[in-house]
Amino acid sequence: MSYLVAASLGLPLVGCVLVYLLGSRREKTTSQVVRLFTTLIVCTVTALVVLWVKEGAEALEWDLGILYESPRYHFPLFVYLDSIGIVFLATTAYLTAIIVRFSRYYMHRESGYARFFSTIFLFLFGMNVLVFAGTIDLLFAGWEIVGISSFLLVAFYRERSTPVRNALVVYAVYRVCDVGVLLGAWMAHTIWHEVQNFSELASAVATASPETGSALTFMSFLILLAACGKSGQFPFSFWVPRAMEGPTPSSAIFYGAISIHCGVFLLLRMYPLWHSIPVAVWVTGMVGAVTVVLSTLSGRAQSNIKGQIGYASVTQVGLMLIELAIGFPKLALIHFVANAGLRCYQLLVSPSVVVQILRMQSSAGSDLTLSEWSTERWLPNRLRTSLYALAFNEGYLLEGVRLLCVLPLRATGELVHRVDKTGGRIIGVVLAVGFVFVAASGLSAIWLGGLAAGLMVLASLSAFAESKSAVRAWNAVGFSCLFAGIAVFLMDGQWSKDFALYFSGVVPPWFVGLFLVRYFSKSMDFARAEFHGKVREDSFAALLLFLCVLGLAGFPIGPSFVGEDALLFHSVGNSVWLAGILTFGFVVNGITLARLFSKICFGPELPAEADVAIR
Amino acid sequence: MDHDNNMSGELALDRGSEGETVSSGFNVGRVIDNLAHWLPTQAPLKDFIHHNTLHAFQDRAFHEGLLVASRLYGAKPYLDLETYQQYYEEGRITESALERVLVHQGYKPGDKAIRNELRRARKTPTPSGAGAFHRRWFSERGVDLDGQVHRVLFRILSNYLDQGVAIWRMPHAGDTLWNVIGRIVEESFLPFPPLSDRQCKRLLKGSPDDAIRFCLERLVGSERHYEAYLFEMLLAHTGWSGMVVMTENNRSLLLPRKIALKDMVAIELLLEYGFLTRALGKFDPLVGGPEPVPTFSVTTKPTPTSIESLQRIWQDALEWSYYEDLLRGLQHTSRLGDRSPKQPKMQAFFCIDDRETSLRRYLEEESDKFETWGVAGFFGVDWLFQSAAAGVPTKLCPAPLKPKHLVREIRKPDAGAVFRKPKLLQLLHLTPSNTLFRGWLITQVLGVWHALRLAWQVFLPSQSRATDQSLSQIEPLGELQLLREGEQQTEDGLYLGYSMGEMVERVEGVLKSTGCTKGFSDLMVFVSHGASSVNNPYFAAYDCGACSGRPGAANARAIAWMANHPTVREGLRSRGIDIPDSCRFLGAFHDTTRDDVTYFNAEELTGTHREVFLEFKKLMDTALQRNARERCRRFDLAKKNPSPAEASIHVKQRATSIFEPRPELNHATNSSCIIARRDLTRGLFLDRRAFLNSYDPEADPSGNILQGILSAAIPVCGGINLEYFFSRMDSTVYGSGTKLPHNVMGLIGVANGTEGDLLTGLPTQMTELHDPVRILMVVEQKPEIVLDVLRRNPNLMEWVRNEWVKFTCIHPEEKTAYVFQGTEFVPAGIDASTPVKSVSRSEEIFEGKSTPVPVHLVERKKS
């Protein structure tokens, strides 16, 4: 059975790489390979489900070995399979198989044919890692892969600006909510001082000492935050309709069917943890309820079909949260399968909506006056209009998040920038002198580390606000990552190979990426336009740059992923705020890097001549 | 120099003289009327009809209009140089055509230098459109204004015009757009950013004119730039701007809306003002002093760049490569003499549609007793038709006609079994499941069922019944109320049905215009056409263009009923058309996607008619399968060289597959329109590229019949052709790009994702195989008669003189081709020495080929 597990993890990954390498030029071959791999995956998953049921349908656990180990830290590969996992695994595999079959015809002659299927396999790989993950660290890896494949498919039509812009919105929300899992993993380390398997979660929570109570509550909220982001719950619902930019089947599998339910999966996985804490249960239920109200209202005022289906899906996920909160995980699980099936279908046949509705309207005996309001007819006029304004503006969520998060971040970044411009060098020198001074005066390591962590955040913000020079932004992110490592090292006080691992994961992509950014900068005026579309000129360099971005952002592709996790593990001994600052920095860096990459490589081709105005 | 007058004079198109004298040079109403002229005119989805994308430029010579439009919209005027060069390498652009074009342009015969220049590799630059003025908000003030404004504006427009997607309509949606927004902002307790700004609120209480003036003053500053600013603003989202103009002048929406371009402009300016205030606080207008703005005028003659000149040569050569081949074929057949069957056993009328040409060829190839005719597919029945299943009537005749007759279908009591109302279970995935409580129930109960249904439809597409084949009812549900009983009119001034005299006129019109006035066989079938597809918002583009984008089934039934009526025949006899009593007319319907034919009221045929009908049906079935096979050569995913039966299964599967973005290829191959006796095209393999209209030159010495045909054929065929042409030239500006991410907006249009502009034109899936050549009109008639007809019709002359269609004629006596050049017809100089290849079966021509094939002659072997 463990072979089957390995196969269902390995097949999508191999498929992803193979299909990408084959490319779209020989569509028939690519299509056959896609079919072969999908068939294999479906067979593997079916066999796994059958065997699992035959063996008594009980939770199983395998140890696939250890990915990385050092004296104080290790990253084990625990695989865990229970009824929740089986349901998600099977639903994902079967719906993806349908989508693949659908798309092999639908995507015919599309220039990104291979890219599409490659990304679908990447998504499937991420989902399977997520589903099989036996520890929260491994789960995070799957979580990230699902996120990046989502980004790639929203920006599938990368030669237009809107998909790229919306892909960045989606990615930013994902990234912000990654704080939840990232810090959650760190909390797990603080609470239990070692890697905790999901199989032992229930007993671990039950036996947890009373003083960890507040930590557990905090961790529950982190988990909830992560779930809300990925599943489009309050206050993040606004990204779901905006993500409908890719080809219809990719929207169907992601925002109709599977990806939107990742948050539900996380909550089901961590159910023993947060459901033991009344406050967390309450808040989860409330978030679900608020989402249900806002998104059902927002959906009602959507006059485009995909947006409406998106909000309908979010509403149902909100109901799942309520079901979970009141203690019906099984019901939520069934609800997930049903919702995935229905929304997937709805999105795929959404182009038919014109014929179907017009046919209903224009058929004999139908009421052509079409009531202006449905159930809300009895409301007083002004209240009705107010409700409409609320629905039209999608609950003001986008506005709110922009006001509360994006604008302050940008303002701070610009401030850093201005200071940097006027006397950046001087401040740098002052800081460096201060650094040496503090070090020499023998003050505690906390101060040194704190200073480094502060520098990390400053660098991150500066990169975030940088709009004139791509090279400068890239370097600022690089420095930020460097400072993060230094900060933990200084606080931890002792060198270990974990740090070497971290730096080895960060520095090479930084330098290779720097070379590439310089190379691209030669032929572009970064500030002149929003996007530069360089992937059209040099797709290989763009791919390399993408890999560098993933490496630098701590994506599960290189050592920096485990390194980042180890870094957070080491900051355990220190304090919440250090972990908080690091996480904040990592999140901002992730967003900055995705944006930088998109600005350089994606977007429309710029007109060659000077602009003309009309008279 | 009086700048204001100069500018308005340049943009105005002799249409703004309202006699108003205003103190200020800027007149809101007049300027907006002027701007509306340049916006795309594409109707809402359900009324989609092909038209010339650059209709606004039709008063200029073709190549000139092309360049102006290119400068204005930022669209590619021609294919890239590399593509033309590749066509040349492949032989799709012939040496003789290139030589002809070069000589015509004044180059020496065999000029080497220009050929080298044409074949030199270089990059074709991306054109940039208007908008520099507007973009200054980004480049100078750092505000991505369009990014913020469009999101809100599009949603306002889409929600206001929505025809049934949203569960909630906009409050007060019956009022004008300006008032609706004003009332929402006023009444709502919650803000409506950015319009809840105090200044915006105040303006919303006033008139749109005042708001426009106020905002322009704050945004632009200088009055002489107002018009240019507004123009750029509207051109930044041509899809929605155009749709607003279309719905302003068009009452076809089922839920009528009082929208006006002026309201939209006012609201967009308010949004701009609101967002700018939010981003910048108090801000200065773009233009302070009298600084000059770089200009491009839409009325001056554009100078082509050197690359554009080369592209133009290539383009003309590409067109002539096709024209020469076709004209050579037609010259050849014109010299073969009378080849029509002496005593046809059965005859069929088809629509002139290019998709019917191959079917007609197969029918005649199958039997030498078969004769076919081509006529616009509404068969002269100019009406509004209301099916027994429909609540509203539908116009079933060419778009420019204004029908005066309404005909209802009266439901037969036993017709219930034929018409199925959509089942509740099938419709549950529409809006009800998107609400909260019903949605929860539906999801919990039926979610898995939908997953299974999806799997069923995806893995076994041919098994699943298409639930939404077409908007219109094809199967008859009862009798047509064709005969008018009284002279009372409906509220809209329509007559209920036709009088006997009017019916005689309709039938006479069809028979005389095609030249089918004698030699009637026992069975004459009117074959209308339409297409069935699933999951396809472009459904209206697949149906009959002569029936305003609807299936023409009812027209075939109507004309057959009329022609069978004894009193009508009586009337026809008195006008010189003697239809023998043994002759029976029958209506039929050809589904061009599935390649099958439905016959109407065939069960009423008896005796010999039944026998002939059965023979007809058998021939038709064979011809349909062979036709399907010919179509399959263009489908990449079809089996290579399938058997006719396999091909037939394949095309039917396409019609019911929800994952098939190309149910059929529509008019993708259209490139010519031949108005001539069938003798000229009989047996010619035209590769489904030609519209075929039957016309007897000898019966029309005055040209009056020709005039009737041309006044429908030029706009309809020319419109189809140019829409494909431009969508192929620039698939994102003129076309709607790839179909795959499209999202239906308010049932009136499609957009990319949820926030995009409405898309106009055709998707790449429909145009990718299209060879962009202007349509070649070929008329079999003496040049002087044709010239006379054109001169009598300035509207038609505009198309021809400005070369938006290419016009030629085949002299019926000299049997040579003439081409219209400048103001007259000149000999086309087609080399007749190269023989036209001849084969004995159509399949020999295209076996194993998937690219366009030149003209061949299929000659039946005498058995």
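Reader: Which residue in the turn of the hairpin formed by strand 17 and strand 18 of chain B has a positive phi?
Author: The model is predicted. In it, strand 17 of chain B and strand 18 of chain B form a hairpin, with six residues between them. Among the turn residues, a positive phi of about 60° belongs to Lys815(B).

Reader: In strand 18 of chain B, what is the bridge partner of Cys809(B)?
Author: Strand 17 of chain B and strand 18 (residues 817-821) of chain B pair in the antiparallel sense, over three bridges. Within strand 18 of chain B, Cys809(B) has as its bridge partner Tyr818(B).

Reader: Which element gives the largest share of the side of domain 1 of chain A that touches domain 2 of chain A?
Author: Chain A is assigned domain 1 (2-355) and domain 2 (397-601), and their centres, taken over C-alpha atoms, are 27 Å apart. In the contact, 34 residues of domain 1 meet 30 residues of domain 2. Strand 1 (60-70), strand 2 (73-81), helix 5 (136-154) and helix 6 (161-192) of chain A each give two or more residues to the domain 1 side. The largest share, 15 residues, comes from helix 6 of chain A.

Reader: How many charged residues does that side of domain 1 of chain A have?
Author: By class, the side of domain 1 of chain A that touches domain 2 of chain A has 22 nonpolar and five polar residues. The number of charged residues there is seven.

Reader: How many polar residues are on the side of chain A that touches chain B?
Author: The contact between the chains takes 92 residues from chain A and 99 residues from chain B. Among the elements that supply at least two residues of the chain A side are helix 3 (83-106), helix 6 and helix 13 (278-300) of chain A. By class, that side has 44 nonpolar and 17 charged residues, and the polar count is 31.

How values were computed:
Residues numbered from 1 in each chain as written. Chains lettered and ligands numbered in written order. Predicted model: local features only at pLDDT ≥ 70, side-chain atom pairs only at ≥ 80, totals over all residues. Domains from an automatic or database assignment. Contact = placed C-beta atoms within 7 Å. Helix = DSSP H or I, 4+ residues; strand = E, 2+ residues; numbered from the N terminus. Nonpolar A, V, L, I, M, F, W, Y, C, P; charged D, E, K, R; others polar. Pairing = 2+ DSSP bridges.
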